[in-house]
Amino acid sequence: MDTPTSAGDSSTARIVARSSMIDSIRACGLSSLSGLRIDKEELRRRLLIPQYLRLAMQDSIRKKDVDGGDLHFRLRGSDDVPCPENPTVVFINSRSGGRHGPVLKERLHQLISEEQVFDLQDVKPHEFVQYGLACLEKWANNGDLCAKETRQNIRVVVAGGDGTVGWVLGCLGELHQKGREPVPPVAIIPLGTGNDLSRSFGWGGSFPFAWKSAIKRILHRATMGPICRLDSWHIVLQIPGGEVVDPPHSLKATEECAFDQTLEIEGDVPDKMNCYEGVFYNYFSIGMDAQVAYGFHHLRNEKPYLAQGPITNKIIYSGYSCTQGWFLTPCINDPSLRGLKNILRIHIKRVNCSEWEQVPVPKSVRAIVALNLHNYGSGRNPWGNLKPEYLEKRGFVEAHADDGLLEIFGLKQGWHASFVMVELISAKHIAQAASIRLEIRGGEWKDVFMQIDGEPWKQPMSKEYSTFVEIKRVPFQSVMISGE
């Protein structure tokens, strides 16, 4: 039998999955930057935004008024102010990273300035976009050259997990929609549990706080690193009558479901439909993996003292997955542990194709994932690095984060998922798609579990009517900074 995975097939010019250890070392700057001594004052000179601009942005955000910082422009005088080469702001989720968040925040204050470090508990990314950047744009249009250069060259560093990075990327994406370009590129300091976005762009799977110089190296790389592109995916959820139970942060209620009209909905449609929409960057999944994630999140919220850091979280997560029945699915008669084939229908659009095509759901699959990146589940690559002959045989292309395609694969029971996660085997390949439509009908199932980028929720099911999920690529790409 052909082995679809090739251990040696990878492109150094592309984003590829790497081991946690190597990622962590590279994130510290201990590989290419290990011999480079970074002068603190020189770094600060390149990053530091002039005081009058910092204070003007701060007041605009605090007052939630673009004109809120005008006083600082009037008081600055007529002297020329040198503009920074690489103006940088940092968003930090101080609750991420166990006890390390506040320590990192203090260190960043020392390296740049307090006004350029935004704690997400106090300043939300949409407020920075709506008021802080708008303040720079206003005075750039009024002839302030330093405001103009700062706005053109500004970069963003996000210190947090994948959810935090996705939140900031989503808010910066509004600049594309409103024609407020350029969009600042984003670098990452990984403080979460999985950190798959961080791994994918060379920033590592964890941040080693043993070396204070690591922060300097990351800031240096954030200012010098090359620009990459990342596809983002729009998801619409249409529910018959009822509400999403405990919707994730990334899903917002909307009045209309913007579904592709070229694929008609079969069967009866209820009088009342509720719609939600959002954006994801890494993956959407449905089934047992989302159920385990949902239970873990609730356990962590109920007993926060258990979650003291990424390693502890992974241990608890692994133990919790064993209690959910995923490893014993062939022996248990619970309908919710049976294959997704019983409740799910999948249609896809292939690349450069306008027609919808139904693809079969494998009988044994209990979780289905639509993956954008090479990294899933803390740096694993379940799609695998596939041999050219296997790609040709299946009609696939080599997967990349900016190719406009999602890789759809299935996981069977817990044992199969475990072997996939340690990369002994590949997942069950289903399709590559430019758009996806899922139709879910309850039957014996009362609920189904879904997640996007690590944010799970429990979706009530209807016996009479279907729930629909449609996924399509956002027209513009997110702008990332490579940490490699």
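View 1. Within strand E8, Ala253 has Tyr276 as its bridge partner, and strand E7 (residues 252–254) is joined to E8 by three bridges, the two strands running antiparallel. Strands (E, at least two residues) and helices (H or I, at least four) are DSSP runs numbered from the N terminus, and two strands pair if DSSP finds at least two bridges between them. The model is a predicted one, in which local features need pLDDT of at least 70, side-chain atom pairs count only at pLDDT 80 or more, and totals for chains, interfaces and linings use all residues. Residues are numbered from 1 along each chain as its sequence is written, and side-chain values use heavy atoms, with hydrogens and water left out.

**View 2. Strands E6 and E8.** Eight bridges connect strand E6 (residues 233–240) with strand E8 (residues 273–280) in an antiparallel arrangement, and Ile239 has Asn274 in E8 as its bridge partner.

**View 3. The six-stranded open sheet.** The strands follow the order E14-E13-E12-E9-E16-E17 with antiparallel pairing, and the edge strands, E14 (428–433) and E17 (455–460), each pair on one side only. Within this sheet, five bridges join E9 (residues 283–287) to E12 (residues 367–371), with Gly287 standing opposite Ala367 in E12.
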